[in-house]
Amino acid sequence: MSFQNFNLHPSIMAGVEGLGYTVPTPIQMQAIPPIMQGRDIIGLAQTGTGKTAAFLLPVLHRLMQLPRGKIGALVISPTRELAEQTCEAIDDLGKKTGLNSIAIYGGVGMDQQVRRLRNGVEIAVACPGRLLDHIWKGTIDLSHLDMLVIDEADRMFDMGFLPDIKSILKCVMQRRQTLLFSATMPADIKKLINETLKNPVTVQIGHSAPAASVSHALYPVKQHLKSALLIEFLKRNATESVLIFTRTKHRTDRVALQLKRAGFRASCLHGDMAQKKRQAALDDFRSGSIKILVATDIAARGIDVLSISHVINYDMPDSTDAYTHRIGRTGRIDQKGDALTFVTHEDAALIRDIERILKAALERRTLDGFDYTAPAPAVAYERSAVPSRGYSTARPRIRSR
Ligand code: AMP
């Protein structure tokens, strides 16, 4: 099958060709025809499968037939990064269409967004909270909405956005078509689907297991030796671009600092950083001027960098789904990728779950010559140790009565 089979508007085909896409990915093959027929869709696809173009191509095609200057399509995104990235994909795929998009998210002033909305756009890509602000203030007009896309629905649910989504849905009742994408299908998302979508077609790619082109390995290590192991690994291995996940914002800062001190060019990305700094870190990582990015799960949503060679879980994620999402950052569209996870004895149960999903035992590796027996530096470790899964590994303080 080729993109020609979809009968997309020639201006959109120009965008597809401009990006060098030649063969549609499996999710595109399955999702685009029913969306073009006007069907509601549930897309069960992990990241890196080409799901963004799977919904954007038919959305752009539809918008070519609708009035200009009115919002005909709304994409709801869990994070600002994903919203920005979706707008970039719209810019690329829709380069020749003359269609305009806007990314709407909080943490930045509203005025500029209001001005752009007043000037007229056809697609809004919005995070739920700020979108509701605009709806309540009457600064966005969704009365011409034709298509609604709910992207990464499971993530929005994890982030507590479900009530916001339900409020938004009440404001866009007149829409013709709804597309919902999710890597996993928790019960609340199923309920939302039953309440919201009309006779939907389900397209499913690869279950929720990570891409097959990723090789996975576990590095058992004591908590206090993780940074030393990380630095040693990076010194010894030729890595192209590396995304490191930690469990907390504080750890993200600390690991990035330790890497910089060890002579690596590294940045960090987490939700406490100002939007400008987050964007700068992402841009530097994308352009390759920074090869190592240390991030928390939420901040890393939507990081779309094709050449990530290594994902390193400095800390184990807290669920198999989070593992899938993290690992989905490498091995995109069947490029090769390595996924390394530093594990301590506390992680045994989750490792079993991941192995069950992957249907294979994960290889345990050690780094030759690395001193796995080095003791924890008593004081320093107690200070810098960060609570692991909600409880502290530091010695408990004795309360005086
Ligand atoms: P996504 O799953 O939407 O995050 O897409 C992952 C990456 O795949 C993005 O960088 C897209 O530009 C790229 N991509 C999407 N569709 C195709 C295609 N048909 N051929 C090659 N690359 C693609």
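The accessible surface of the chain comes to about 18000 Å², and 51% of that belongs to carbon and sulfur atoms; the areas come from the Shrake-Rupley method with a 1.4 Å probe, and for residues only the protein chains shown count as cover. What we have here is a predicted model, in which local features need pLDDT of at least 70 and side-chain atom pairs count only at pLDDT 80 or more, while totals for chains, interfaces and linings use all residues. Residues are numbered from 1 along each chain as its sequence is written, and side-chain values use heavy atoms, with hydrogens and water left out.

The chain has 401 residues, of which 55% count as buried, where buried means under 20% relative accessible area, exposed over 50%, and partly exposed in between, with a 1.4 Å probe and protein chains only. It contains 15 helices and 14 strands, taken as DSSP runs (H or I of at least four residues for helices, E of at least two for strands) and numbered from the N terminus. If we take contacts, meaning heavy atoms within 4.5 Å, between residues at least 6 apart in sequence, 76% of them join residues at least 24 apart.

Let me turn to the interior. In soluble globular proteins, nonpolar side chains tend to be buried together. A nonpolar core here is a set of buried Ala, Val, Leu, Ile, Met, Phe, Trp, Tyr and Cys residues joined through side-chain atoms within 4.5 Å. The largest such core has 41 residues, and Leu57, Ile123 and Leu179 have the most contacts inside it; helix H3, residues 51–63, gives the most to this core, with 8 residues. Apart from that core lies another, of 32 residues, including Val121, Ala153, Leu169 and Leu197. Leaving aside residues up to four places away in sequence, Ile123 touches Leu60, Leu63, Ala73, Val75 and Ile90, among others.

Which residues of helix H2 (residues 26–36) are buried? They are Ile27, Gln28, Ala31, Ile32, Pro34 and Ile35, and what covers the buried residues of H2 includes strand S1 (41–45), H3, strand S5 (147–150), strand S6 (177–182) and strand S7 (201–205). Just after H2, Gly38 takes a positive phi of about 95 degrees.

Asn7, in the segment before helix H1 (10–18), has a positive phi near 55 degrees, and Asn7 is exposed, with a relative accessible area of 61%. Asn199, in the loop between helix H9 (187–196) and S7, has a positive phi near 40 degrees, and Asn199 is likewise exposed, at 59%.

Residues up to four places away in sequence aside, Asp315 touches Gln223, Lys226, Phe245, Thr246, Arg247, Arg251 and Arg326. Of these, Arg247 is 68 residues from Asp315 in sequence, yet the two are 5.8 Å apart in space, C-alpha to C-alpha.

Finally, the cavities, each a set of points on a 1 Å grid over the protein atoms alone where a 1.4 Å probe fits but cannot get out, with lining residues having an atom within 4 Å of a point. Points are joined across faces, edges and corners, and a volume is the space filled by probe spheres set on the points. The structure holds 2 cavities of 30 Å³ or more.

Methods. 1 Å grid on protein atoms, 1.4 Å probe; cavity = no way out; pocket = protein on both sides within 12 Å on 5 of 7 lines; lining within 4 Å.
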